[in-house]
Every structure is written in structure tokens, then in C-alpha cells.
Amino acid sequence: DSEFVDQSDGRAQFEGMVLDRECCHLPTREQISVLHVRASNSWFDEFLGSDRTFGSGAQFEKCFFSKRSYLGGAFFPKGASFTNSKFLQNAWFGEAMFEGDAIFSGATFCDETNFQASKFSSECFFNGAVFLGETGFSSASFLGNAIFSEAHFFEHVTFFNLRARKIFEFSGVSWPNDFRLWHGTFNAANFDGPVSFQFMRRIEDDRMRSAIPFAAFDGAKFEKTPLFSIVSEEQANAAFSKNLKWLQLLNIIKDHNSSEHSVERLAQLERGCRLLKLEMGKSSDRLREHMFYRFELMARNAQSTTPWQEWWASRIYEAVSDYGTSMTQPLMWLLFVWAFAALLYVSIGVFVAPTNIVPWQWSWDAFDLSLSRVFQPLTFWSAANLQDNALGMELVGNKDRGLLALCVRAIGTLQSLISIILLFLSGLALRRRFQIN
């Protein structure tokens, strides 16, 4: 029953201590207004320090908290250090205030962790921290630099309505394997200073894979363009495709537990990609801007609420040019349209031609006529421009053709329009690939 706080001045120092009873007999505010604690390599059972003031830079380094820890509303005017400490059960720091540095480097949180509405007036360090349970930093304020580099999140984490005034370092962070746990992580979060999301990874089968948590950024606000590591387009495509297929599978399975929120998750994925697209546009990173734009369209197409006209238009855009990223795909389609139109012209010519004409005699004229629709789109309407093409004169220049000539001209005009669009898409992809202004 001994009280571990010196009643004279509120100071206590532990090293290698094991306190196997509840640490709830802290002196009241009336007895001692400020507690000064310096502990290392110590074991605490249940720690109740809510709404208390810890002065002189409270230290709980390499400590072990075997039961619940309540420090909600606690005030740390000189900061606090929980370096390499371990919390086996709930750790509650809601509405805590850290005027000095808050150091949680290497700390392990085994159960639910809550820093809701906490205020970090100076720098805070969660680098290398491990969060095994659900984690919440909702409405937290980071007035100094916030360092989360190499932190590991195994369950859902939220920074809803976060306010980060200065540097927010999120490099090397590991995300949960389940894509659903990424959604809405930074919803309504405000980042006023530089933000780094470099080299982020996903925990998969005890391995780390490069990952961009696309849906996590839905609703976030950045004053400065966030910094991402250079992830190859192939890696980004693979990560996004896996995320999208998983959400589509949940949407197909008509089960309350699996598909209840899948439609909203697809919308969050779309909005997250749109935000990243806009941020990349601010920094003139055209390649990644269009990459996120492509992901945005893919996520929108996967939603059952997308209008069918928009769905078909987007599908055609994907098939023709891979959403404007492929230079060769439109050219391959152009080659196909050229050959198909040539075969169509020669077929019509054979159908209406004199009996003494052999089809192969007009083959070259057909391909030449089809090619001219690409580079001379308006010449089809004048027979004078077809004097050197016997097939063209037979189909268009012959006054007896009438309606047939009009139909052939319409086909040629349609071919010209399609060819111009395909050439434009190929040129657009070339411009984006080499970032030509």
C-alpha cells in the first residue's frame, strides 16, 4: 500500500521496478499539483493518470504497461518520453497536451490506441512505433514536426480532422494488408506544411511490398504538394489493380458483412485518386498526374452507380489508348481501321463494278484510297481529287452512283474522324510521356 510519489515535492524515480498493483493512488491535485516521474525498465499494472500534470519532462522509457493506461487529458508541460515502452492493453491519451517534445519512438501498442484531440505543441516522434490494434488520432493537432517514419499499422488508423502545421513525415510507414482498412484514414485532415509519403509499404505474408494507400487520401487537404517516392508505373498498376479487384469482389458478393460498404469504398478510392491527381498537377508531374487520373476512371467504372453512357465511353477510351497513356495502341487501331476501310471499299467496288474487273486490280487503289482518308480527310467530297484512283472514281466520281456515292463519302468521313482522334490520342500520350509543354 505504499505510495510511490514523494509527498513532499511530487517527484518519483524508478529503475527496474515491478509495480504489480494498480498505479491509481496518485496524489490528488489538491495534494500535489505537478507530478515529476522518471521511470525506466519498469513494469506497471494499470496506470491511471488522467487529467494530471507531469512536469520536468516525464520519462517512461522501456517501461511495460500490462493493463490499461489512462492518460486522457494529461498535461505534459515539458514533454514526455515513452521510448521503447510497451502497452499490452488500451492506451488512452485522448485530449492530452504535450508542450514539450512527445517521444514514442519504438513504442509498441498491442491494443486500441487513442490520441483523439491530443495537442502536440512541439515535435512528436512515433518513428518505428508499432500499432497492433485500432489507432485513432482524430482531431489531433501537431503544431511542430510530426515524425511517423517506419511506423507499422496492423489495423485501421484514422487521422480524421487532423491539423498538421509543419512537417508531417510518413515515410516508410507500413500499412495493413487488408485494403479496406486504408479507407478514410486522412479524411478532413489538414496539412499546412510539407508532407512526405515516401517508400510506404504494405504488410503481406510477413513481407513488405511497395504500396500507395489511394483511398486513404479521400477528403485530405494539402497546402503543399505531398512528396511520394518514385514508384514504377508497373508497381503502381499492380497495387491499384489488386485493390480494385478486391473491392469489386466484395461488391459482387451479396453478403451483408462483405458488400455493405463496398460501393462507398469504391467512391472513396475514386476520390482519393482524384485528389492525388490534382496534387500531382500542382507540381507539374504530368506522368503521375495522368496515372492517378487513369486510376480515378477505373475506380469510377467499377461503381454500379456510374451511368451506362459514361461507362461505355470510358471503356472505349481504355480499349483504344489505355486512358491516354499508350502511344502505340492508338496507332495499332489506326492500322486496323485503315485495312478494314480498304477492304470495305474494295468490297463495295466489286459489288458494283463491271464484270471485267478482277478484285485484285483495285486492291492497291483501295488501300491508297483508305490512306488518303487519314492525311487528306476533306478531299473525298470532290471527285476532282480522285482522278488518279480508279476505284475512287468508280465509287464517288460516277454520277450514276447517287445514293451509293453519298454512303461511301459518309464512310470515308467517319474513317477520317476516327483516324484524327487516334492520331490525337497517340500524340497526347507522347506529350505526356516526355512532358512536352
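Start by selecting Glu46: at 5% relative accessibility, this residue counts as buried. Keep in mind that you're looking at a predicted model.

The side chains of Arg68 and Glu46 meet in a salt bridge, 2.5 Å from N to O. Arg68 sits in the loop between β7 and β8, while Glu46 sits in the loop between β4 and β5, so the pair ties together parts that are 22 residues apart in sequence.

Next, jump to helix α4, residues 286-301, and pick Arg286 and Glu289. They're three residues apart, which puts about one helical turn between them. Here's another salt bridge, with the closest N and O atoms 2.9 Å apart. Glu289 is partly exposed at 22%, and Arg286 is partly exposed at 34%.

How many salt bridges turn up in a search of the whole structure? There are 17.

Last stop: show helix α6 (residues 328-352) together with helix α7 (residues 363-375). Their axes come within 8 Å and cross at roughly 130 degrees, so the two helices are oblique to each other. The crossing is right-handed. To see what touches, highlight residues of the contact including Leu334, Trp338 and Tyr345 on α6, and Phe367, Leu371 and Arg373 on α7. The residues of this contact divide into 13 nonpolar, two polar and one charged.

Notes
Residues are numbered from 1 along each chain as its sequence is written. This is a predicted model: local features need pLDDT of at least 70, side-chain atom pairs count only at pLDDT 80 or more; totals for chains, interfaces and linings use all residues. Side-chain values use heavy atoms; hydrogens and water are left out. Axes are lines fitted to C-alpha atoms, for helices over the stretch in contact, and angles run from 0 to 180 degrees between N-to-C directions. Helices (H or I, at least four residues) and strands (E, at least two) are DSSP runs, numbered from the N terminus. Angles under 35 degrees count as roughly parallel, over 145 as roughly antiparallel, 65 to 115 as roughly perpendicular and the rest as oblique. A crossing is left-handed if the near helix is turned anticlockwise from the far one by less than a right angle, and right-handed if clockwise. Contact means heavy atoms within 4.5 Å. Ala, Val, Leu, Ile, Met, Phe, Trp, Tyr, Cys and Pro count as nonpolar, Asp, Glu, Lys and Arg as charged, and the others, Gly among them, as polar. A salt bridge is a side-chain nitrogen of Lys or Arg within 4 Å of a carboxyl oxygen of Asp or Glu. Buried means under 20% relative accessible area, exposed over 50%, partly exposed in between (1.4 Å probe, protein chains only).
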